Amino acid sequence: MAFLSIQHATKTFAQSSAVEDFNLEIEKGELVSFLGPSGCGKTTTLRMVAGFEVPTSGRIELSGADITSQPPNQRNVGMVFQAYALFPNMTVADNVGFGLKVAKKPKDEIQKRTAEMLGLIRMPQLGDRFPYQLSGGQQQRVALARALAIQPKVLLLDEPLSALDAKIRVELRSEIRRIQQTLGITTIYVTHDQEEALSISDRIVVMSAGRMEQVGTPFEIYNFPKTPFVASFVGTLNQLRCTVVDAAQGKLTFDGQTFTATAPIRASAGASVIAALRPEELHFGHFDGENQLTGKVEAVTFLGGIVRIRLALGQSQITLDALNERKLTLPKVGDMQTVSFPAHACWVMVEN
Amino acid sequence: MTAQAPIAAPPKERTLIAHSRTRRAFPLWSWLWFILGALYFILPLYATLDFSLHMERGVIGLKAYGAAFSDPEFARTFGYSVFLAAVTIIVSVLLVVPTAYWIRLRLPEARRLVEFITLLPFVIPAIILVFGMIRIYSSPVEIPFTSIRLLAPLTTSKLGTNALIVAGYVVLGLPYMYRSVDTGMRTVDVRTLTEAAQSLGANWLTIMSRVILPNLRTALLSGALLTFAIVLGEVVLASYLGLPTFGPYLFLLGQHRAYEPAALTFTTFLLTWAAMGIIQLITGGQGQVAGAH
C-alpha cells in the first residue's frame with residue numbers, strides 16, 4: 001500500500017472547481033512534482049495534503065491513517081513556502097528549533113537536532129543570525145531545515161525556488177534533491193518550472209485546469225506525452241497539422257511533402273491530425289533512411305550549447321536544435337534547407 | 001621570453017570642476033513655505049513655554065512647573081488617566097488583534113466593513129458617543145419585550161462608569177489601533193507565518209503568543225502610544241461621565257489659573273514628542289504612525 005494516498009480529491013471554491021478527481025499514490029521516499037501553469041490546482045492539492053484546505057470530497061491517507069479532515073498542526077507534515085515564511089522575530093536556530101519546542105522536546109535534544117539540521121543545509125555557523133540578515137537562498141535553506149527538523153512524514157514544497165535568482169535556483173534544487181535522497185523523505189514538490197520538475201523528480205504529475213493530465217517519470221512525461229497539453233507544456237514541441245495518407249504505415253502528408261511517423265496512427269486516411277516532433281530529434285541535412293522536410297531558414301539563434309534554427313514550411317514553422325560544435329557552419333536566413341528525422345521521432349496526436 | 005606590452009601612461013589627473021549650467025537655484029520658495037509652516041506650529045508652543053516660565057514678574061524660572069506638579073490634584077488625575085489609558089490599551093489590543101488577524105486570515109470580505117466601523121469616531125463626535133452611552137446605560141439593559149435584565153445601570157456605580165469610559169476610549173482609539181495593527185500584519189504576512197507555524201505543530205495560542213504578537217511589537221507600540229495620547233487629553237467623555245481625569249483637570253485649571261496650565265500643556269507636548277521619538281527609535285526610522293492625522 002502506498003505511503004501517501006490521495007483518492008478522488010476534489011476541491012470547489014464558490015462554484016468553481018480548483019481540483020477535480022485527483023488520484024495519486026506516492027511511495028515512501030519518493031519525490032513527486034506537481035507541474036502545471038498557475039491556476040491549475042497544483043498548490044490547492046498540496047494544501048489539501050498539508051491540511052490548509054479540506055477537500056470538498058475525496059480522501060487523503062498518510063501511512064494508512066485517514067487525515068482528510070485532520071488539522072494541519074496534527075499531521076506532522078513539513079512545509080516550505082515560496083515566501084520562505086521564516087519567523088522574523090527569531091534567530092535561524094530558533095526558527096529551526098521551533099517545531100521541536102512546540103512538541104516540548106528537551107532542550108539538549110532541540111540543540112542537537114538544530115545543529116544537525118544547520119549542518120545538513122551547510123550553514124552551521126549562521127545559527128545566531130536573524131532572517132533579515134540572510135540572502136533569499138539562505139532563508140529558503142533555513143526554511144527547509146525548519147521543516148525537516150520535526151522529522152515530518154511528508155515534506156511539501158510549494159514553489160520553493162520561484163523567488164530566487166536563476167543561478168541560486170539551479171544550485172538549490174540539486175541541494176534539495178540531495179537532502180531529500182539523504183533523508184529518504186517522501187516529498188511533494190509544486191512548481192510551474194518544467195526544467196525544475198524534470199531535473200529533480202522521481203515522478204511528475206502534470207496538471208491543467210484542475211485535472212491531472214499525466215503521471216509519469218520525467219523521461220516518460222517528456223518523451224511520451226499522452227495529451228496535447230503535456231506535449232506542449234513540457235519542453236518545446238513542433239506541431240504540424242498533417243493529413244493521414246496511410247494510417248497502418250504511419251504515412252502523412254504536409255504541405256505537399258510526405259513523411260512517416262510512428263505507426264500505426266489511430267485515425268483514418270484523409271483525417272487531419274497533428275504530428276509532433278521535438279526540436280532536438282531533427283537533424284540538419286540529408287540522412288539516408290530518414291524522413292526529409294525542406295523549408296526556408298527564418299531565424300538562427302545561437303544559444304551557446306545549442307543552436308536553434310527556425311524553418312518556414314508552407315504556413316507552418318519548425319524548430320530544430322543542433323548541438324554546437326566549433327566546426328559548425330551556420331545556415332543563413334533565407335537559405336532553403338533540408339532537415340531529417342527518423343519515423344520514431346515523430347508521433348501523432350489525434351484531436352478529440 | 002615574452003615581449004612586454006608597452007604600458008600606457010596613466011591619464012593625467014584632471015581637476016574636475018562642475019560647471020553645471022543648469023545649477024539649481026536656492027529653493028527659496030520651498031524654504032519660505034517650510035519656515036512659515038514651522039513657525040505656525042512652533043510659535044504658539046514657544047509662547048506657551050515662554051509664558052509658563054514667567055510666573056514671577058521679571059524672572060525666568062520653573063515656578064509654574066513646581067506649582068503645577070505639587071498640586072495633589074495633578075498627581076491624582078494624571079495617575080488616574082494613566083491607569084485608564086493602560087486598561088484602554090489592553091482592551092483595545094485584545095479586541096483589535098484577533099479581529100484584524102481573523103479578517104486577514106479568514107474573512108477578507110469583511111475588511112471594508114470593519115475599516116468603515118473603525119473610522120466612525122472621526123465622523124461621529126465624542127459628545128454624541130457619550131450622550132448615547134448615558135442614554136442607554138443609565139437605566140438597566142433588558143432583553144427587548146421581556147423583563148430579563150442583562151445589565152444593571154452602569155452610570156450609577158463607580159466600576160460601571162469606569163467601564164463605560166474605557167469602552168468610549170477604546171472607540172476613540174480604534175482608528176489608530178486598527179490601522180497600526182493591520183499595517184503591521186500586512187508587513188509580516190501573517191497568513192503564511194500562521195501556516196508555517198501550524199505545519200510545525202503549533203496551536204492557536206502558541207501561534208498568537210510566539211509568532212503573531214512578537215512580530216506586531218512595533219505596530220502595537222505605535223497604536224498604544226497614540227491611544228495613550230488620546231486618553232490623556234480627552235475631555236468630553238470624562239466631563240459628561242463626571243470622572244476626575246487629567247483632561248478636565250487641565251481644562252478647569254485653565255479657567256482659574258494662568259501659568260500652571262501653560263506649564264502642564266508644554267509638559268504634555270514633550271511627553272507626546274517623547275512617545276513619537278520612542279516609536280522612531282524602535283522602528284529604526286521606518287515606522288509609520290498609521291492613520292495619524
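Trainee: How many residues does the contact take from chain A and from chain B?

Mentor: This is a predicted model, in which local features need pLDDT of at least 70 and side-chain atom pairs count only at pLDDT 80 or more, whereas totals for chains, interfaces and linings use all residues. Residues are numbered from 1 along each chain as its sequence is written, and chains are lettered from A and ligands numbered from 1 in the order in which they are written. With residues in contact if their C-beta atoms, placed from the backbone, lie within 7 Å, chain A gives 18 residues and chain B gives 16 residues.

Trainee: How many charged residues has the side of chain A that touches chain B?

Mentor: At least two residues of that side come from each of β6 (77–80) and α2 (92–102) of chain A (DSSP runs numbered from the N terminus, helices being H or I of at least four residues and strands E of at least two). By class, the side of chain A that touches chain B has 14 nonpolar and four polar residues (Ala, Val, Leu, Ile, Met, Phe, Trp, Tyr, Cys and Pro being nonpolar, Asp, Glu, Lys and Arg charged, the others, Gly among them, polar), and the number of charged residues is none.

Trainee: At what rough angle do the axes of α3 (residues 72–105) and α6 (residues 158–188) of chain B cross?

Mentor: The axes (lines fitted to C-alpha atoms over the stretch in contact, with angles from 0 to 180 degrees between N-to-C directions) of α3(B) and α6(B) come within 8 Å. Their contact, which includes B:L84 of α3(B) and B:M185 of α6(B), has 16 nonpolar, three polar and two charged residues. The crossing angle is roughly 45°.

Key
Contact = placed C-beta atoms within 7 Å.
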